[in-house]
Each structure stands twice: as structure tokens, then as C-alpha cells.
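Please read them with the sequence and the structure open alongside.

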Amino acid sequence: MNIIQMGTITVISTFPSSFLHGFLFNLAFSLARLSQDEERNTVGQVYFYEMLGTAVGGASLTYFFIPNFDVYWIANLVGFVSNTSILLTYASRKKSSLLLCAFFSGLFLFLLVSGANKKLVQFSLKRIWGEKEIIFSENSMYQNLTVIKNDSEYTVYTDGLPYTTVPNPDTFYIEEVAHLPLLFHPMPKQVLLLSVPPEVAKEVIKYPSIERIDYVEMDPRLLQIVEAVSKKGEEERKVKIYFEDGRHFVKKAKHKYDVIILGIKSPNTLQTNRFFTFEFFEDVKNILNEGGLYFFSLPGSNYYTQELRMLNTSVFIAAKETFNFVYVLPGSPNFFILTDSRVDMSADILYEKLSNHGVSANLISKAHLDYKLDNRKREWFLMQLEEKTERKNTDFTPFAFFFSIAYENLKISPVTLSFFRNIYNLKIEHLFLLVLFTLLLLVLVGAKKGRSVTLTFSVFTTGLTMTMTEVIFLFAYQTIYGYVLYALGILLSAFMTGCAGGSIAGARIEKRFRSFEGLVVFEIAATIFLLVILFNATIFKEMDPQSIKLHTLFLALLFISGFFIGAEFTLGVSSYLDVNRVDQRKGIGVIFASDLIGGFFGALAGSFIIFPILGLKETLVIIFVLKLSSLSLFLLIPKK
Amino acid sequence: MLSRRNFLKLALFTPFLLAKTRDTEKSLYKEALYYFRIQNKKNQVECQLCPRGCLLGDGDLGFCRARKNINGRLYALGYGAPCAVHVDPIEKKPFFHVIPQSASLSIASAGCNLRCKFCQNWQISQVSPMETVNYELPPRKVVDMAKKMKCKSIAYTYTEPTNFYEYMLDTARIAKKEGILNVSHTNGYINRKPLEELSSLIDAVNVDLKGFDDAFYAKLCEANLKPVLDTLKILKTKGVWIEITNLVIPGYNDREETIREMCIWIKENLGEDVPLHFTRFFPMYLMNSLSPTPVSTLEKAREIAISVGLSYVYLGNVPGHLGENTYCKRCKRAVLKRSGFNLLENNLKDGRCKFCGQEIKGIWKA
Ligand SMILES: [Zn+2]
């Protein structure tokens, strides 16, 4: 499910930097306290080791474990290793915690050796799929692939959602997606199929006029699996299969096409949104022959909720800006036809073409075309579009993505309060006001409480802004490269290594200089860093995605974001202890909570609301303003 | 983007020129039929329209979200305020024995008295008319629109028409006078009295018989089976044309034994000539990770129904399948050949099989 996918991204991106590390940090810290007396140094050390561990873990997870082992096995191994190491390190200390560690180590070891993880995998699959007969389940580089046998049919699932069913697919979808675009074109010869189910290709092949079919699908395993469960048909020389991302294929395509068909049904992830954006429409336009058309579908209905309205409108605007004509055949789903030449929307003509091609279909008929092309219905659709909006779906303002998610969410809570719909109207001005208001409040509080307010807010906003930049970099990465999941481990490692590096740097500085001054320096550096990103945001679009430079840039940016968190955390703790003569645990607690809460809200608000609604540029503006506000507190709140 | 001017131009040329309104608050409330005030209790009412029998305090919304207690009176909220208005082929409802290939003006206002996890129209069935953007379309206008758009029938469909009972009743009354058929697609969850009143106006009803055991109804729809069966029997005695739709969901209501029981019940209580549509399930709404129904399952269900003695058994959502055709029960030849919404052959003459003269039950003329 898409909300779950999205949630996963959020959780994964916040997890190391907030909950998990929060938990491990506290655990490690209290254990470290048992072994050492010099508590102050311990903070930085523990932070460092923990972050380093996460970084190494992330990298090995990506490159070694996930491709080779199942999730439960990995989880058990991690559990076993971490427990055993704690056990060995602190073997001579407290009895009770020792026993607990020993128990868990034993448990994980048992699970590892006994092969119970296999049973766990089976069990969790059962939970997801019920009593269905699971023929096959594996994680490819891009997604989970599962095949379920149902009587004499096989349904292939991608990430838990039905992708196609053989030998009896959803005829409505398959026939409409294959035949309609070909019938709208006067004489289709060159066809490009992007991520369509194989059955669509089988329908397209029926047209004798077609000379070339290029079929692009990202995941080779997916086609292998569909083919394995299908009865093998005769080899079709016309179809040339390319295993790569459709977006990249279109960008560097050497051929031109008459008809391009997209099989992705909804922009409900950032990966899929890339096929519904202004930028992609422009790329598509470049590889269309004269009279060529791009055909895709979007969610539709008998009734347009506000979410569905906005979703369709944002794509419609983007399409209208690129192509002379945008025709929509409303239904569930809606079919969009983008072209620079006028298309005849007459059912009679289309039907005549079908017979001229000598093609027979089960669903596509004169009556069906009459219904599908109904003038009144098409006009009615245009009236459903949002009139007063300029929200155009682009790579870095992914409105269609946001509203797809919002639309899906309606299923879970159909009775939406209009309150939540207010979020749709979020403008950057609202966030400015919020920051300004917070700032005023803090100045008032700071007048009484002094600099600890400044410190706490610095660490909080660093957690918030740097996690937001982390999320934005991950989003940008996904927008540019497509799938982010398999690269997530290495990207997060860069971030975590940054955190670890930052904490070492913080500890060094703390020893040589005064922590407070160190913190101010980092605050200034962070503000400049955010300003630099803000003014160079377009660099993501301009650089060649295949170049090693862009990859390196992403890793570097994530490293730097993490670096600020690590450094400010360490310096924040010691400054806080300098300013307030409190118990160390309490000091760490306050600063740690600020970091944690900041990081959590950064990931949550950044990925669910601010970035999808405001887009890249405005999100970067608000991030910068936030950091600037915390920097200004150093001037606004005097030393007490 | 659609500019204001284009919008107006468009509006002038489209018959869908309907004033949209959110203002259901005043004019579009209508006092409900079939409820009573509870004595002694201040402002409480009991709705008697459907078997739920909601007990509503002042300001409460019914389970269906389409009826509201305002100061001790029950009001129907969607009256004259449909949120969906479309022209569909009658086959899409589905009706296979009601004027083939005719257009049907289909309307719905928001709300439903069931909570099916596989609802196709969840966008409007699971909300209140107060939450949807509605057209202002009083009964008279519905009928005028149907005439203007050359529709042979008005279909009360998409959501549960029982929710907009008063609206349906008033519209049907006018339509009947003007010679337009009234058809509805319902879950059958309605009480005897209101159903009997409706029966005198409505020509054809497609009832969703979603399963044939209480457990299914309870688990997937928050309802139970008996009221639906009662509805079918009442419609039969009132002489309303009935078609039945059974959406076959793999693993939930596809047990052969249950399907057999259902078919036997239909034959014994409604007669062999009631068309039965076994519809293929596709991942939908909250059940979007389920596989589609195997066509073989549907074929088995059809075989069972035929073996039990039902005359007209169809497969839905499987375009191109032979199960879409109407076969003569005597000579077994295809009287109506269909593929999707398309009628390929019509061998029906005055409601009889062209080949052998056997009567094929249905409404073949307006
Ligand atoms: Zn006959």
C-alpha cells in the first residue's frame, strides 16, 4: 500500500536518527556509565560509536545482507550481535542487565540456528496473504514480488498490490489501455510501452501496421515471473525489451514514436509521479513523431472528491502546458491523451479503424467506444477540474503525488473533517508566521530563562532542518533515479557517518575551545550551508543523473546534514551543562529530547506535508528561515 | 486551465448545466417518511426506513449518514441533491432483461446503510450529503433531463437508493406518469412498508445478494442476510422485475455449497426466470490486495445455478465470455449475444425467442 510505502520511507529515514538511536543511545549510555566515571566524554563517544555502527550496518545491509538473506534472519543476526557485544563489553557489571542480555542473545542464536526464521517468514506471509496458496515470494532489487495461485489463475503482486492476473487479466484495463491509444493515432508504426503489464503488449502486437515495439520495464524479475506463470506464447520479434527505468529510457531514446503508452496507474509514489510531471511530458514530446501521442491513466470516479479533483488538475495543467491538445476519457480510471495534433473523437471513426486494422477485441466495440467517448461525459470531466489553481505537477512540486496519497487516505477515513483539508491550502506565508510567532515566544521566555532556551532551540532546529534536508535529498534522489529503496542503506549510511563525524568534531572542539562559541560557529555554518543549497537547488535538475558527480554530491550533502546534527548535539550538551549547573543526565535528556523531537517532526512534516505541498524550492526557503531564526536567538536573548 | 469564460461556454452547451450547491442546509432538506417520535423522550426519533432502526437523539445522524434528527423531526438530507448524475448504458447497472442498449439516467446522493469493504463507490457511499458537492436537481428536473437526454429509464444507483428514498419516490412518481421506467440497484436493506410503497412505482430492481450467510454479511458489510431475502420475496409478490447480482469474492463467498443453497433459494422463492449475475471481483476499496475472482470459479457458479434450474445466469466483468449471452431456455440458442456493453445479436421478437417462440421474461418495451 502506498501510504505504507510512504510511511516506510519516513520511518526508515527518521528511525536511525530518532527512535532507534534514541533507544540504543540511552541503553548504551547507561551501560557506559557503569563502566566509566568520566561521564562527560562518554556522551560524545557513545554517540560516535552508535552512529558509526549504524553507518556500517546500513552499508552492509544494502550490499550484502538484503540481497542474500531474508529480513528475519538479518533482524536475528543484528539482535544476536548487538546483545552479545553488550554482554562481552560489560560482562563484569550489573547482574540483572547481564542476565537479560544473555537471554536475548540465546534467543536470537536459537532463532538463527533453528531455522525458525523460515517459519517466521511463512507466518508473516500468511498474515498478509491469508490462506492463499503462495507459489513464490522474493524481494527483487526494486520491490517485493509474490505470486498467488487461485484455482487455475495466478496473480502476480508487486509490493502487496495485484499487478496482473494470468491467464485472465482485467480485460477492461488491458483492452482499453492497448487499443484506445492505437485507435486514436492515424497509423501507428512505432510504439513505446512503459511499464505496462505484458498482456497489453500482447494486444498491441495484434496491429499489423506496427513495425517496432519497444517495451521498457525496470524490474527484470517481474517479467520473468509473469512469463513463468503464463503459458508461453510464440516469440514476437517485433517486441524489444529493455530493462531500465522508463524515465531514463525516454530521456536518451534514439528512436521516435507514434504512440507511447504508460502502464503505471497512479502517481502515488515519488517514483511513479515522475511519469506524470511537466518535465517528463517535455521529454516525451521530444521523442514523439508528428501526430504522435502519449497515453496514460489516472484515478477517476463517478464523483470527484477534492483530492481527486486536485490530483487530476495538477497533471492536466502540466500536460496542457506541454501539448496543444489534452483529451481525457473519464471513467475509472481516466485516460489522458496528450498530443500536438487534433484527434478525432468520433466513435464511428475509431471503430472503423479497428476493423481496418483487422483487429478483434472482446471489450472494444462500437457501443463501448460510444460510451467511452461520450461528449457530455468529457465535458463533465473538464468541469470537475479545479479552476482557481496554478498547481502544476512537476518533479520538484509533486502535487499529484500528494493528492494521490490524500485520496488513498480517504478510504481509511472516508469521513474527513474539513479541518484536514485545510492543509491543502498550506502556503509558505503560514509557515513564516509560525516561525515568527515561535521566535517571539522564545524571546519572551528567553528573557527569563536565558541562554538555555537558545541552546535547546538550536539543537531542536538543527534536528528539524537537517532531517528535513535529509528527507528532501532522499526525495530528490528518488525523483532523479527512480527507486530509492535499494540505495537507501548507503544514503542513510552517509547521513549517519555524518552524525558520527560531527560528534567527534564536536568533542574535539569542546576540549579545546568553549562549547558555546563552538556551537555558535556551527549555527552560522549550518545557516550558510542551507543558504547555499537554497540558491543551488536547480543543480539536481541540471546535472547528468548517470554521472558519478551527482551520486557523490548526494552522499556529501547527506554527510554534511548529519555532521551538523552530530556536532550540535555534542556541543549542545556540554554548553547546556556549562550554562545550567544541573545533573548531567538531565542536561543530556533535555538536549537529546530536542534533537529527537526536531528530527521526528522534520521527517514527518517534511515528507508528508511541507515538501509535497510547497515543493523543493519553498521547502528549502522555510528550512533556511527556521535555521536563521535559531541563529538570531543568539543575538536576541542576552546572556543571563 | 478552464477559464471562467470557457466554463460558461461549456455550461451553455452541456445538458449537465446544473447549479452545484453545498447549501443543503435549507432548501434540500425534506422531512423523512417512515419514522416516529418517541414519547416521553425529548426530541428522540426512531427511523423505520431500514432494518437498522436507528434511534436518533436531537442532532444525530443516522447510520446511513443521510438522515438527520433536527429538533425532533427526521430529515432526509440528500433530497433533490444528487452528487452523481450520469448517463450509463442499462447493461452497466447491470440489467440484461430491461430494454437492451438503452440509456439510463443514473443518479445518487451520498450515504449508505451498509459498510461493504469492497464498495465500488466508496467516495460517495461512505459520506454524508453534507460532505459532498451536490447538484440542485429536484424530481421534476430529473425527469425533464431524462427526456432531454433520450433516456428510457431513470436509475437510482451508485450509492444505496434507500438513503434517498423520498427523492426516489417523488421522482419515480413523475417519471411513471411521463412513461419513463424507474429502475434501481439496491442492497435490499429496507423495511417492508416503505418497500411496498416503492414497489407500486418502480419497474425493475437489481438486488445485490452479496453472499448467502450471515457471517459474510456481518464480517464484510456490517449487516445480516435475512432482510435482503425478505426484500426479494416482497418484490416478487409485488410483481416488480428482479435481477440479482452476486459479486463473487474469492475466499469469502465462493463456497460451492453456499452458492448452490443460494440458487435453490432463488428458484424456490423467486422462480427460475430471475436473472442471476455472477460478477467478477477486482481489487477494490479496502480489499485492494485480494486477487481477482478466477474465471473458473465464476464458471463453476454458473454451472451450479444452471444445474439447479435457473434459466438466465450471467457472468459479469468478463467481457467476451459466453456467460454474457442470454440463451433461450427451451431451444438453448443465443437470443441476445453480448460482449461488454455491446449487443452483437438480437434474436428477440416481441419478447419471444425468434427461433422457437419461447417467451423470454423481462421488460422489453418502455
Ligand atoms: Zn428458443
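1. In this predicted model, the contact between the chains draws 55 residues from chain B and 50 residues from chain A. The area buried between chain B and chain A comes to about 4500 Å², and carbon and sulfur atoms give 56% of that area.

2. Polar pairing across the interface deserves a separate look. The count of salt bridges between chain B and chain A is three, and in one of the pairs that cross from chain to chain A:Asp151 forms a salt bridge with B:Lys300, with the closest N and O atoms 3.2 Å apart. Counting residue pairs in polar contact, where both residues are at pLDDT 80 or more, the rule finds 17 across the interface of chain B and chain A.

3. As for which elements build the side of chain B that touches chain A, helix H1 (4-13), strand E8 (84-89), helix H2 (122-125) and helix H9 (295-308) of chain B each supply at least two residues. Of the elements on that side, E8(B) gives the most, with five residues.

4. Turning to chain A as a whole, the chain has 25 helices and 11 strands, and buried residues make up 58% of its 640 residues. Among the contacts in chain A with a separation of 6 or more, 75% are between residues 24 or more positions apart.

5. On the surface of chain A, a nonpolar patch is formed by A:Phe437, A:Leu441, A:Leu444 and A:Val445, which together have about 410 Å² of accessible area. A:Phe437 belongs to helix H19 (residues 428-449) of chain A, and with a relative accessible area of 54% A:Phe437 is exposed, because the cut-off for that class is over 50%.

6. Over all chains, the structure holds 37 salt bridges. One of them is within chain A, where A:Asp283 pairs with A:Lys251 and the closest N and O atoms are 3.7 Å apart. Because A:Asp283 lies in helix H12 (residues 278-286) and A:Lys251 in helix H10 (residues 246-251), the pair ties together parts of chain A that are 32 residues apart in sequence.

7. Within chain B, B:Arg73 forms a salt bridge with B:Glu31, the closest N and O atoms being 3.2 Å apart. This pair ties together parts that are 42 residues apart in sequence, because B:Arg73 lies in strand E7 (residues 73-76) of chain B and B:Glu31 in strand E2 (residues 30-31) of chain B. Here B:Arg73 is partly exposed, at a relative accessible area of 34%, and B:Glu31 is also partly exposed, at 32% relative accessibility.

8. A further salt bridge in chain B joins the side chains of B:Glu345 and B:Lys337, at 3.7 Å from N to O. B:Glu345 is partly exposed, with a relative accessible area of 33%, and B:Lys337 is likewise partly exposed, with a relative accessible area of 32%. Elsewhere in the list of charged pairs, B:Lys30, B:Asp170, B:Arg173 and B:Glu197 are joined into one network by salt bridges that share partners.

Methods: Residues numbered from 1 in each chain as written. Chains lettered and ligands numbered in written order. Predicted model: local features only at pLDDT ≥ 70, side-chain atom pairs only at ≥ 80, totals over all residues. Heavy atoms only, no water. Patch = residues over 30% accessible without salt bridge, like charges linked within 9 Å, V, L, I, M, F, W, Y side chains within 5 Å. Areas by Shrake-Rupley, 256 points an atom, 1.4 Å probe, with all protein chains shown as cover. Salt bridge = Lys/Arg side-chain N within 4 Å of Asp/Glu carboxyl O. Helix = DSSP H or I, 4+ residues; strand = E, 2+ residues; numbered from the N terminus. Buried < 20%, exposed > 50% of the residue type's maximum accessible area, 1.4 Å probe, protein only. Contact = heavy atoms within 4.5 Å. Buried area = accessible area lost by both parts, 1.4 Å probe. Polar contact = N/O pair within 3.5 Å; in protein donor to acceptor, adjacent residues only side chain to side chain.
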